[in-house]
Amino acid sequence: MAHKQLIIPIFIPFGGCPHQCVFCDQKGISAVRELPEPTEAARQIELYLSTWKGKGAREAAFYGGSFTGLPEKTQKDYLEAALPFIRDGRLDSIRVSTRPDYIDVQRAVFLLHNGVRTVELGVQSMDPKVLALSGRGHGPDATIAAVAALKDAGLKVGLQFMPGLPGDSIETILDTTQKIIALKPDFVRVYPSLVLKGTAMHRMYLGGLYSPWGLEEMTEACVQVKRLLDEAGVPVIRMGLQPGKELEESIAAGPYHPSFRQLVEALATSKN
């Protein structure tokens, strides 16, 4: 039986990201307001490891920003805060999250040589219009190139996908799913789009320029998304944002449920 993996989250809200996409409020949903010092990252790793009793793999994960958009020295400072735990055998690997347009061959090799084994890309959509309406600042070609660079370097690749963004339809959502499958990621996370207070999408919602998907409608769509991913053998490691007080206080509208994955799986079962 596979043992449960420990992932130690270290949030760097908006770190390395000059863009602010219409949906994004990393500071609100992570409850982290400032970039942590590398010493704080080391303390957090030590704290998690000191209480972990499991036998699965242990990994430090830099989430919440565009890691490879940080200055290289800052990236190295964070990674070097985690490397001593790998050297003494208490940590197995490091993962980072970033944007597709902040990955190229040089960056992929840099990550590999500094202890990173997994990179999660915030793909969000593979539809050019949806990406443009969401203020992403890149097109689907950036994702295709980034996945190729990471795989060529020997890194694992996870793709994050946000159905329900401005301009999305069931057709664009399923087309994005098929294009993600074609990239052969090691895993996928599906985060239905929510309207978070203070974001550009919140202002669009208040101004009648964006209508969030309903919970029932999004659940139906994600049943189809998950079926396609399951049939292709792509693991879906999360559906729906991690519930928490900070997130729930930030939500203005949208298809939120603290057990969204269970809703999708129950509906899928009822249809079989």
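## Salt bridges in a predicted model

Arginine 99 forms a salt bridge with aspartate 101, with 2.9 Å between the closest N and O atoms. A salt bridge here is a side-chain nitrogen of Lys or Arg within 4 Å of a carboxyl oxygen of Asp or Glu. Arginine 99 is buried, at 3% relative accessibility. Aspartate 101 is partly exposed, at 25%. Buried means under 20% relative accessible area, exposed over 50%, and partly exposed in between (1.4 Å probe, protein chains only).

This is a predicted model: local features need pLDDT of at least 70, side-chain atom pairs count only at pLDDT 80 or more, and totals for chains, interfaces and linings use all residues. Residues are numbered from 1 along each chain as its sequence is written, and side-chain values use heavy atoms, with hydrogens and water left out.

The whole structure holds 15 salt bridges. Among them are these:

| Pair | Closest N to O distance |
|---|---|
| Arginine 99 – aspartate 101 | 2.9 Å |
| Arginine 58 – aspartate 92 | 3.5 Å |

Arginine 58 pairs with aspartate 92. The pair links distant parts of the chain, 34 residues apart: arginine 58 sits in strand S2 (residues 58-63), aspartate 92 in the loop between helix H3 (72-87) and strand S3 (93-98). Helices (H or I, at least four residues) and strands (E, at least two) are DSSP runs, numbered from the N terminus. Arginine 58 is partly exposed at 23%. Aspartate 92 is also partly exposed, at 40%.

Lysine 73 is exposed at 61%, while aspartate 77 is partly exposed at 26%.

Salt bridges also link Glu59, Arg95, Glu120 and Arg189 in a network.
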